[in-house]
Amino acid sequence: MPPIRIPIDGLWRCLCPSVESIASLTSARCMRPRQNSTFRSRRVNGTFDILRSQAFHTSRRRREETPTTEVSNGHTTNDNASIIRYERGSPRKNDHPLDVASTHQIHDRLWQLKTAPDSFDAIVEAVRYLIMVRGEKPAITHYDALIRANCDAKKGSVVAVKRLLEDMREANIGPNSELYHAVLQVLAIHPDYLLRSQILEEMKQNWFGLSPDGWHFLIVGLIRDRQYEAAMDKFEQMQTDGIQVQPWLYDIFIFQLCEAGELDEAFKLLTFRFDNHRKQIHPSVWYYCLDKFSQAFHDKGTTFIWRYRVANGYLNPSDGICTNALNIAARFADPVLATSVVRLLSSRRTTLSLFHYEALLASYIGSDDMKTAFRIIGVIERAGFVPDSAMARPIFIRLTTSPELPPIAWEILKEQFESGHEVHTVVVNVVIEATIANGQFLEAMNFYKDLHNICKSGPNIDTFNVLLQGAEKAQNKDHAMFLASEMLALGVKADFLTYDRLIMICLREDDYEDAFNYLHEMIAVGKDKFENGMKGWWVRCGTATELARRCIKEGDTRASHIIEGMRQRGKYNPTYTYYADKLSAELEKKMTKGQSSKWSDDIGVANY
């Protein structure tokens, strides 16, 4: 039968710009048009155009711009796609390096390229050469190679894979297990949920099982789609079936779980790997997990890595990670971890800051090791820092959890003093404060009377302020006056808080005149001093409010003086103004009722 001749008119040239080169190539190689013309005109060129195009890239990696060359028909193609020149005319002998190789050798080379990195252009070139120059009929081997070429992260595309699968269906070429695995490999780099589901369903219908590599490709694709639960199920299925998991899959899974914030799952996977394949865990994986766990305050993960890698010297974390680990030790009461972190930082000759010691103190007191916690106060002082009540807050919080703890703490302080250790006033104060917070003011007074026997430095102003606070809550003016006399006897100077609490104590009495006496003294002593950014001492807003309300209740005209003083303070603290307005309304309401009052102008507005 004579060959079918197809007239090449303008429509052909518009729909298939490479038809002239195909025709000339066919004439030169004397190929039969019935076998290959349809594939070359409809499938080959269309598929290769997809492969050369960069517009259908689906990888999450940001693609670098690839230089393109304009073709006269308006299409664009890569500069490195040397296959274009075969569309421009019949090849001449030795025009191409593959001309000197046999078809069998080209197929062997194609097989090698399928697993080689950065082989996209070489695979496309080899397949095009085999079909269009050597005249081979498109087969599953060629499609498999073209699909695997799309594993390239920059040039590959899931759209090209879909086009290749469509061409195979049109050519009645049935995929085999190897080709399905090739698609899964591409989907591990360019994820597509629908195509993956389709491939798995077709493999199930054709009774094709997943190879170990196929399992790896499937799980990586699920991870790329952020289907972590499905990936974990497949991962567990691999372990159940006894399929060996490659180390790189563990690494990818752990990294992605940490990035997604699934730290519990990442920790489970890390511990499983440690129990079974610990030698395969790379140091970078340990370091990355420690960084993520410590940032998120994951105590189990941080403690695990610190115990098995850092404490043994296999891992050397940064100062930032050490600080995070120390904070974790303080939050979860882990003195072993805290001590290890401080020891590591000290070995680097790093100057420990106050917050390092505070975290160390919190870890010990949280584990009920009060003896060591009390000694750390002395360590802090020897390090050049001045211990204060703020530093001892963790001790206070722990002692207030049970009324039985402050007496136990006091006995520990006695034992330490008898053993020759110095007992600091800060520790004494916090025990007394916790006792008062537990509603045991009289017991706190007994501790104060015993204070001189165990603390050489004696009480300070914080001690008396704490006790006066307890006297105010207990409404015990007698003990408050005793404490005031103690301050005078010991030469401890009162601050504005001392006067403020004495005023509050006196306001509880029927005769509250002593409150104004202390107010007189407070203003006189602190007239040249600053407190809370304001010159001169004055009562706090709550105390001023209580003082004014007591005056309003008793019909004392000094209430207006207190309110005016609050307005003056309101220039610096709006809270004073807010309560001054409320008190003014109360005073006006009281005065409109025409009730009698005792008037006294002993204190002028200027004094407030």
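## Burial and the overall chain

A residue counts as buried when its relative accessible area is under 20%. By that cut-off, buried residues make up 47% of the 608 residues in this chain. The model is a predicted one.

The chain's secondary structure comes to 30 helices and four strands. Take the contacts between residues at least 6 apart in sequence: 66% of them join residues at least 24 apart.

## Helices α14 and α15

Helix α14 spans residues 283-295, and helix α15 spans residues 299-310. Their axes come within 9 Å and cross at roughly 145°. The crossing of α14 and α15 is left-handed.

Which residues of α14 and α15 meet? From α14 come Trp286, Cys289, Leu290, Phe293 and Ser294. From α15 come Gly301, Thr302, Phe304, Ile305, Trp306, Arg309 and Val310. By class, this contact has eight nonpolar, three polar and one charged residues.

## Aromatic pairs

The whole structure holds 18 aromatic pairs. One of them joins Phe267 and Phe304. Their ring centres are 5.7 Å apart and their planes stand at 85°, so the pair is edge-to-face. Phe267 lies in helix α13 (residues 263-277) and Phe304 in helix α15, so the pair ties together parts that are 37 residues apart in sequence. Both Phe267 and Phe304 are buried.

Another pair is formed by Trp538 and Tyr576. Here the ring centres are 6.1 Å apart and the planes lie at 50°, so this pair is tilted. Trp538 sits in the loop between β4 (534-535) and α28 (541-554), while Tyr576 belongs to helix α30 (residues 574-592), so the pair ties together parts that are 38 residues apart in sequence. Are these two residues buried or exposed? Trp538 is buried, with a relative accessible area of 5%. Tyr576 also counts as buried, at 6% relative accessibility.

## An aromatic cluster

Phe267 and Phe304 also belong to an aromatic cluster. Its members are Phe267, Phe274, Trp286, Phe293, Phe304 and Tyr308.

## Charges over rings

Where does the charged end of Arg331 sit? It lies over the ring of Phe297, 4.1 Å from the ring's centre. The charged end of Arg393 sits over the ring of Phe396, 4.6 Å from that ring's centre.

Conventions
Residues numbered from 1 in each chain as written. Predicted model: local features only at pLDDT ≥ 70, side-chain atom pairs only at ≥ 80, totals over all residues. Heavy atoms only, no water. Axes fitted to C-alpha atoms, helices over the stretch in contact; angles between N-to-C directions. Helix = DSSP H or I, 4+ residues; strand = E, 2+ residues; numbered from the N terminus. Left-handed = near helix turned anticlockwise from the far one by under 90°. Contact = heavy atoms within 4.5 Å. Nonpolar A, V, L, I, M, F, W, Y, C, P; charged D, E, K, R; others polar. Phe/Tyr/Trp six-rings, centres within 6.5 Å; stacked < 30°, edge-to-face > 60°. Buried < 20%, exposed > 50% of the residue type's maximum accessible area, 1.4 Å probe, protein only. Lys NZ or Arg CZ within 6 Å of the ring centre and 35° of its normal.
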